[in-house]
Structure formats: C-alpha cells, structure tokens
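Reader: I would like to learn how to read helix packing and sheet order from a set of coordinates. Please take one structure and go through it feature by feature.

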Amino acid sequence: MKDQSEIRPETLNAYVDGELDPAQAARVARIAAGNPSVAAQIATLRELKAAVASAVPDREIKLSGGGPSFRRIMYAAAAVVAFLVGGAVLHLSTFREDSGARWARFLQAQHADWTFSHGSRAAPIAPVFGPANLLPLDLRSARLTFVGSETVRHEGRAVLRAGYEGTRGCRVSLYVFDSDAVPDTTKFDPSLRVRWWEIGEQDFVLLARGMAEARFDGLAKAIEKALRSGYELDRRTRQQLAHSRRTSPPCRA
Amino acid sequence: MFRAARRHRLEAYLKRLYGYAYSLTNDPVRSEDLVHDTAVKALAARRVPRDEAAYRAWLFKILRNTLTDQTRRAPPRDTHVDTSAIDGELGSTHWSETQEVNAVTVRLAFSELPGNHREILAAIDVAGLTYAEAAELFDIPMGTVMSRISRARSALYKRVEETHTRTNIRVFPLRKRRATGR
C-alpha cells in the first residue's frame, strides 16, 4: 500500500477539484480507502472548498441599461437633483444631524423587522475586517443565543447585523458598519436601549427593546470590551452577565 | 437580436462574476459595480470567444483587469503581501485529523489571507473555474495553478488553526432557534 507521502499535496487538491484524469483519480481513491490520514485530508480539503464557495452572500444580479455603470449614472443623477432641490448651500452640522437621524431611523426599523425566521438555522456571518471579525460573539452566559445575521445597505454603506434572542422575549441587534455619520441616539424610540461606539473605522450599535437598563448597560460594556480587546468575554464578565440576567425582569416586547 | 443573444449568454455568469469580485473586495457595492462594468465591456467588445470555456475565462479576465485598474488608481485596504517566504514553510503542513473545519471560521480566515491566495481560491472555489480556465485568467502555466491552489488551501488551513488560537473563541456551529415561550 502506498503511503501518504507518495501523494503530493497538489495531486490531492486536484483530486478534490475534479481535475485528475480517471486513472489518477482512481489511484487516489484507492489510497484513501486504505489510509485514514489521506482520507481525512481529502475530507478537510473538501470542507475548506465548500466553506470558501459559500463565503459569498447569495445575490441576484441583473443587467440594467446598456451604457456605463448604471449605478454610477443613478448616483450622479441623484446628486444633481439633490443639489437643485436642496438649495445651493447645506450647513454641515445640519447635514450631519439629518444623516444621524436617518441612520437612527434605519437601524430602529431594521431591529423592529426581525427577519430571523422561526425555526431556521442561523445564517453565517460573511467575513469582515477589523474588530468585527470576532462576530458572532458568544453571549450564552447572558442567555442570549445567536440566531442569525444579515447584511443590508443604507446610504451606500454595507451594514452587518447579528441577531440574538433570549428565552424571555429579549431581542438584541448588534450592527457593524462604516459610516461618516454618527447615528443620533436621541432619535430612537424611548423604549429602545441604544449604545453606540466606534473602534477604528468601524461603528457599532447595540439595540434591545424593553431590556432592563442595568442589564443592557452591562451587556453593552461587555461586548464593547470584547471587541476592543479581540478576546471573548472573560470568566468574570460572563458571571456578571449571568447574574444580571438572573436579577433582571424579562424584556418588555 | 444579436445583442439580446449576447446579453443572454452573459447573464448566465453574472452570479459567478459577482462571487469572484466579492471574494476579492469584500464589498457588495463595489462588486456589483465591477460586474456591471465587466458586462458593459463584454457587450461592447467586437470579438467574443465562441468556445464557452474561453468565453468564461475572458469574462473573468475583464473583471480582473478592471479591478486591477481601479486598484492602481486607489490602493487597496489590504496590501499585497509577498508570501514567497511564507509559502516555503507551507510544504510541511500538518493536517490534523481532528481539527474541526467550521464554515464560519473558514470565512474569517479566508478574509485574512494575502491577496494572491484569496485570488486563486476565489477563481477555483467561488467562480468555479477549471484549472485550465484559471491558467488562462492569470496567464500562468497549469502546473503553477496547481501549486498555487495547494499553497492557498494550506495557508487557509493554517489561518483556521490560528483563528481558533488567537481569538480564543470557539466559533460555535450554527444552531437552530429554540422555541419561544420558555
């Protein structure tokens, strides 16, 4: 029986990719059948391949128009219309405030529209850069289960949302995005708990409806600390979150 | 009629083109733009390969060249890293029989790979190109495609291991939602 060392890595990868001729493929298959180590390597390569293939979000792309990038034309046209309709001068602080309010309204609406359907498997989080690459954070110590993620767009920016659910009605959204505008936290519904912070170029917003204030504060601090440090919640923090959950009333939906 | 046939032929590849662009840019908006720009160029071309495999490679080459042109004008966020020294170490990858390959971890690790590794994986695993088509796309011999994909997957595997260690997070497997009301 030929051992693993006689199969070059390139050959194993080509086998997984279906690039070997039938005779070569049959040889590899015979070796794998008699060598668990080779078989395990092939299985791992297949899993890596499948995981990479599924790393891209599913997206329906349609051709529209026949000229230069349709999106750029639309953006340019929208910019011209906005200039003509909005007046010649926009005060910078006014612009920021409006944008912040728009972000607040958007995030709030997204949170209310709880798209993580009952019974479905939690969708994976597409690769992100920066501190957010720790997502999804493990919040089970706070009795919050990760139920899914989605990527949406707002004002040309990609917004990642991770959703968590508790056992007593709590729903928590953690948003990650990169924006020049700061969401205006005063524009959120008073029943929503809101926390915003930024780490480097990324903005984070944590939203929860009806959660006890102290519990939400502790949760927000713990999440922010984890993302800033690059490490999961430490034991002490997990204990604190668990205690806070035990001593807090259920979330009011 | 002729133009409609061209569009129809092209539309069959839009999703794969998007996947390839997204793998390289991780930007959905930019990826859409790249696909649209690629489509415009492809539809405007005077000569189009008849052979389907050649046509496929040609489309991806247009997209790749478009991205390269954009990158030259505006340097990317992740700088291309010379991996020749690193690659030399990968020949002795220890493939653990028990290392869990978690899809989410792989995606995280994939996003952290150097550009050249991401690119070959994007071509083969995301865009679904054959080795021959990838060789055409990158203008390299097929043997080079084979060695590159092997090194890229080895690098990816090592990153997966590092992700487990560095973040100290066991990125738990996906699980179903529990029934509410408890």
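Reader: How do the axes of H6(A) and helix H7 of chain A cross?

Author: Axes are lines fitted to C-alpha atoms, for helices over the stretch in contact, and angles run from 0 to 180 degrees between N-to-C directions. Helices (H or I, at least four residues) and strands (E, at least two) are DSSP runs, numbered from the N terminus. Here the axes of H6(A) and H7(A) (residues 235-246) come within 9 Å and cross at roughly 160°. That makes the two helices roughly antiparallel, a label for angles over 145 degrees, while under 35 is roughly parallel, 65 to 115 roughly perpendicular and the rest oblique.

This is a predicted model, in which local features need pLDDT of at least 70 and side-chain atom pairs count only at pLDDT 80 or more, whereas totals for chains, interfaces and linings use all residues. Residues are numbered from 1 along each chain as its sequence is written, chains are lettered from A and ligands numbered from 1 in the order in which they are written, and side-chain values use heavy atoms, with hydrogens and water left out.

Reader: Which residues of H6(A) meet H7(A)?

Author: Contact means heavy atoms within 4.5 Å. On the H6(A) side they are A:Ala214, A:Arg215, A:Gly218, A:Leu219, A:Ala222 and A:Lys225. Their counterparts in H7(A) are A:Thr237, A:Leu241, A:Ser244 and A:Arg245.

Reader: What is the strand order of the open sheet in chain A?

Author: Strands of a sheet pair through backbone hydrogen bonds, either parallel or antiparallel. Two strands count as paired if DSSP finds at least two bridges between them. In this sheet the five strands follow the order S1-S2-S3-S5-S4, with antiparallel pairing. Strand S1 (144-154) and S4 of chain A are at the edges with a single partner strand each, so one side of each has no neighbour in the sheet. From one strand to the next the twist averages 15°. Helix H6 (residues 213-229) of chain A packs on the sheet and touches S1, S3, S4 and S5 of chain A; the direction of H6(A) makes about 20° with that of S4(A).

Reader: How many bridges join S4 to S5 of chain A?

Author: Eight bridges join S4(A) (residues 192-199) to S5(A) (residues 202-209). A:Trp197 stands opposite A:Phe204. The two strands form a hairpin with two residues between them, and A:Gly200 in the turn has a positive phi of about 60°.
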